Amino acid sequence: MRVFTDRPGRARIALLALVIAAAPLAACGKKEEAPKSKPAMTVTVATATPQTLSRRVEVTGTVTAWNEVIVGAETGGLTAVQVLVDEGDWVRQGQLIVKMNDTLQRAALRQADAQVQSARATQAEADAALGRSQQLKAQGYLSQAALDQALARQRTAAAGVAQAEAARASAAAQLEQTNLRAPVSGRVSSRTVVKGQIVQPGAELFRLVRDGRLELAGEVPEAQLNQVRAGMPATVTGDEGGQTAGVVRLVTPRVDAQTRVGLARVSLSAPGSFKPGMFAKASIDVGDQPALVTPQSAVVFRSGKAGVYVIDAKGDARFREVATGARVGTAVEIVSGLREGERVVVSGAGFLADGDHVRVVAAPPKP
């Protein structure tokens with residue numbers, strides 16, 4: 001029996017075995033490549049340091065009267081025959097501002113005068129009778145009972161005089177009430193009475209801004225309320241551009257639970273063009289106060305949030321949100337989010353991403 005051998009096939013199998021055997025050796029002989037590290041960005045840094053800043057608190061609000069007095073009549077049912085002042089006029093305390101019809105009150109006063117005269121005449125007669133009775137009693141011609149009656153008539157007559165005088169005083173007061181006078185000095189801010197109107201008792205006829213003094217009811221955020229105190233100077237600016245100096249008169253002791261603001265009442269030294277009801281703003285000088293500051297260029301925005309890149313111990317820049325406050329020159333106050341002594345990126349902060357490795361170099365000297 002003959003045996004046929006496939007020599008080319010055996011050669012191919014041997015070659016394939018050699019390739020498979022050599023593959024692990026080739027893999028072992030290859031050197032592993034190290035991953036490429038991201039190059040460090042060159043930046044300059046600054047240290048968050050405390051600094052004393054001249055602070056101002058900005059508030060907005062409405063101009064109001066320091067003390068607005070509502071003026072009404074004490075008597076009613078009378079016609080206003082004269083209205084002597086108008087809105088915007090300045091009045092003095094006690095000045096006549098409305099004259100009402102006083103015909104009936106004058107007649108009542110004349111009647112009261114007549115009653116006083118009659119009572120005084122009766123008292124004079126009783127006084128004379130008492131004097132005669134006392135003389136007769138001393139001479140023994142009059143009994144004690146008769147003297148007591150004369151004394152009683154004299155006392156009744158004296159009481160009648162007092163009663164008549166009181167009635168006259170009441171009539172005189174009612175007559176005076178027909179003359180409406182300014183209770184305080186000030187500027188007329190509102191007038192509702194017109195000539196010929198029948199005035200009702202207690203109805204509002206005028207509003208007076210006492211002494212013409214105005215003030216701004218400025219809304220102060222809750223976080224800044226403790227910085228504002230009475231007596232602090234301020235600059236008040238109107239919505240139309242008017243400006244005047246002011247002083248904080250008082251800070252209200254409560255905060256609105258909904259808006260989280262309190263009120264600082266700023267007295268205007270000169271009202272000028274300011275009027276009650278106008279919108280205005282005030283810049284209150286709250287004095288020098290300590291603050292933590294960094295350069296303004298260190299603050300960047302990521303996803304709409306302000307923050308700084310803080311350098312950690314490994315030299316990596318970590319983004320941290322901060323709350324900023326006042327700006328003074330090239331520095332900005334950091335209200336929260338940063339501690340004293342921490343290093344923040346200044347130059348190059350806008351090109352960083354959180355976790356970038358940085359190389360710190362000295363800032364170039366200022367020209």
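At 19% relative accessibility, S190 is buried.

## What we're looking at

This is a predicted model, where local features need pLDDT of at least 70, side-chain atom pairs count only at pLDDT 80 or more, and totals for chains, interfaces and linings use all residues. Residues are numbered from 1 along each chain as its sequence is written, and side-chain values use heavy atoms, leaving out hydrogens and water.

## Around S190

You'll find S190 in strand β9, residues 186-191; strands (E, at least two residues) are DSSP runs numbered from the N terminus. Skip its neighbours within four places in sequence, and S190 is in contact (heavy atoms within 4.5 Å) with E87, E204, L205, F206 and R207. Two of these names come back in a salt-bridge network: E204 and R207 are linked there with E68.

## Salt bridges

A salt bridge here is a side-chain nitrogen of Lys or Arg within 4 Å of a carboxyl oxygen of Asp or Glu. By that rule, the count comes to 15. One of them joins R191 and D86, with the closest N and O atoms 3.7 Å apart. R191 lies in strand β9 and D86 in the loop between β5 and β6, so this pair ties together parts 105 residues apart in sequence.

Then there's E215 with R249, at 2.8 Å between the closest N and O atoms. E215 sits in strand β12 and R249 in strand β14, so the bridge ties together parts 34 residues apart in sequence. E215 is buried at 2%, whereas R249 is partly exposed at 30%.

Definitions and conventions. Helix = DSSP H or I, 4+ residues; strand = E, 2+ residues; numbered from the N terminus. Buried < 20%, exposed > 50% of the residue type's maximum accessible area, 1.4 Å probe, protein only.
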